[in-house]
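Subject: Structure for your review

Hello,

Here is the structure I said I would pass on. My notes on what was found follow below it.

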Amino acid sequence: MSARIPAIVIGGSGYVAGELLRLLAAHPGFELAGVLSDSKPGERVASAFPHLASAYADTRFQSQPQIEAILAESPSTAMLSAAPHGVAAPLIDRLLDAAERAGKHPRVVDISADFRYRSAEAYQAVYRHEHGAPRRLAEFTCALPEHLESLPTRHVAHPGCFASAILLASVPLLKLGLTGPTLYVSGITGSTGSGRKPVEGTHHPLRHSDVYSYSALAHRHIPEVIACARAASGVEADFSFVPSSGPFARGIHVTVQGALRTSLDSARVIAALRDFYARAPFVKVLDEPPRVKNVVASNYAHLSAATNGRTVAVLCVVDNLTKGAAGGALQWLNRMYSLPETAGLELPAPGWT
Ligand SMILES: NC(=O)c1ccc[n+]([C@@H]2O[C@H](COP(=O)([O-])OP(=O)(O)OC[C@H]3O[C@@H](n4cnc5c(N)ncnc54)[C@H](OP(=O)(O)O)[C@@H]3O)[C@@H](O)[C@H]2O)c1
């Protein structure tokens with residue numbers, strides 16, 4: 001059996017990093033070579049993630065110099081970054097510099113927003129701080145693997161969780177010309193979407209047994225969705241998005257509505273979606289409305305659609321931490337290292353979470 005490819009995880013003790021570690025524990029093609037923690041170097045991984053203790057009993061978080069030493073060993077370490085935006089770009093830049101100085105060439109999938117933009121100015125306009133590594137922006141492509149056959153750059157920026165669900169639902173509508181460019185989107189997300197650190201507004205007692213919207217028509221990831229949808233469909237779409245907080249930990253449910261160009265019944269749209277995603281191993285198009293619980297903790301996206309002849313609603317569910325972050329990133333990494341796209345990602349959802 002050939003040796004597995006070394007992989008490092010950045011953003012060590014965060015929720016997405018935890019999901020990356022869980023998926024890597026059973027991956028046939030990659031093996032964890034190091035996990036970088038800013039706040040916990042030397043501490044046991046299992047102390048931050050007790051649910052991963054059986055896979056990582058003796059593994060400890062590492063410091064940046066330790067990770068740099070690992071990167072200097074292998075010709076091309078796979079890097080998965082789940083650091084916060086603003087932190088990821090300068091950190092990835094420093095790690096790539098260190099590897100390149102040693103004549104090594106890692107490949108990166110960054111799950112933060114830092115490399116989703118083509119220009120530092122566009123990034124700064126949304127995130128209100130200077131970009132941490134503008135010279136590296138051209139090395140990244142932001143796309144879902146379902147919407148891009150051949151990767152034109154060395155590295156990938158994952159589009160993010162809400163964006164994954166919105167893009168999976170809307171790109172077929174736009175690319176097939178089923179609707180015009182104006183789409184209305186509502187989405188509901190679980191609390192892990194807000195990360196590990198509890199803050200006012202995302203704290204469990206507030207979210208539990210309640211549903212409320214936030215950042216209505218002003219969500220900061222929409223410029224990224226517009227750019228990804230443009231690249232995938234050729235259409236400059238207008239997304240009016242109202243996100244909401246759901247009283248559950250994992251999962252996203254998105255509804256995308258638009259005016260049909262020609263009258264189509266639900267069965268015709270469902271058939272068109274099925275055809276569009278015929279070669280996408282993680283996208284399942286259902287006849288019935290998709291349910292969050294059926295994809296939670298899996299890399300699958302479930303889609304369906306309904307029409308009244310004039311308006312179409314496409315429904316999409318994903319797990320924010322898996323397909324919307326760690327699983328989607330590994331799906332890209334599989335392709336980047338010429339492994340089967342589905343390697344290590346095919347387990348179905350547990351169903352009762
Ligand atoms: N949560 C989701 O559903 C989701 C989905 C898609 C994309 N994302 C993106 O993925 C990234 C990680 O999200 P997350 O939910 O895992 O966040 P999180 O739980 O807050 O974890 C982020 C981790 O980054 C590390 N970090 C390194 N330097 C830091 C600094 N200066 N300040 C704060 N943290 C620092 C921390 O771990 P150490 O101290 O151990 O290094 C922290 O735990 C973010 O960019 C987020 O936007 C999240």
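Helices (H or I, at least four residues) and strands (E, at least two) are DSSP runs, numbered from the N terminus. This is a predicted model, in which local features need pLDDT of at least 70, side-chain atom pairs count only at pLDDT 80 or more, and totals for chains, interfaces and linings use all residues. Residues are numbered from 1 along each chain as its sequence is written.

Overall

The protein has 10 helices and 13 strands. Along the principal axes, its C-alpha atoms fill a box of roughly 60 × 45 × 40 Å. The radius of gyration, taken over C-alpha atoms, is 20 Å, which agrees with the value near 20 Å for a compact globule of 353 residues. The globule rule here is 2.2 Å times the number of residues to the power 0.38.

Residues at least 24 apart are joined by 74% of the contacts between residues at least 6 apart in sequence; a contact means C-beta atoms, placed from the backbone, within 7 Å.

Helix α6

Helix α6 covers residues 161–175, and its 15 residues reach 21 Å from first C-alpha to last, close to the 21 Å expected (1.5 Å times one less than the number of residues). At L167, α6 bends by about 35 degrees, the angle being between axes fitted to the seven residues ending there and the seven starting there. Because 14 of its 15 residues are buried, α6 is largely enclosed by the rest of the structure. G177 follows α6 and has a positive phi, near 70 degrees.

Sheet

An open sheet of 7 strands runs in the order β8-β9-β7-β10-β13-β12-β11, with mixed pairing (two strands pair if DSSP finds at least two bridges between them). β8 (212–213) and β11 (283–285) stand at the edges with a single partner strand each, so one side of each lacks a neighbour in the sheet. Strands β12 (301–307) and β13 (311–318) run antiparallel and are joined by 6 bridges. A305 stands opposite V314 in β13.

Ligand

Which residues come nearest to the ligand? Of the 29 around it, they are G14, S37, S39, S112 and G195, where near means a C-beta atom, placed from the backbone, within 6 Å. The elements giving two or more residues to this shell are α1 (15–25) and α10 (322–336). The largest share, 3 residues, comes from α1.

Regards

Key:
Two residues are in contact if their C-beta atoms, placed from the backbone, lie within 7 Å. A residue is buried if 20 or more other C-beta atoms lie within 10 Å of its own, exposed if 12 or fewer, and partly exposed in between; C-beta atoms are placed from the backbone.
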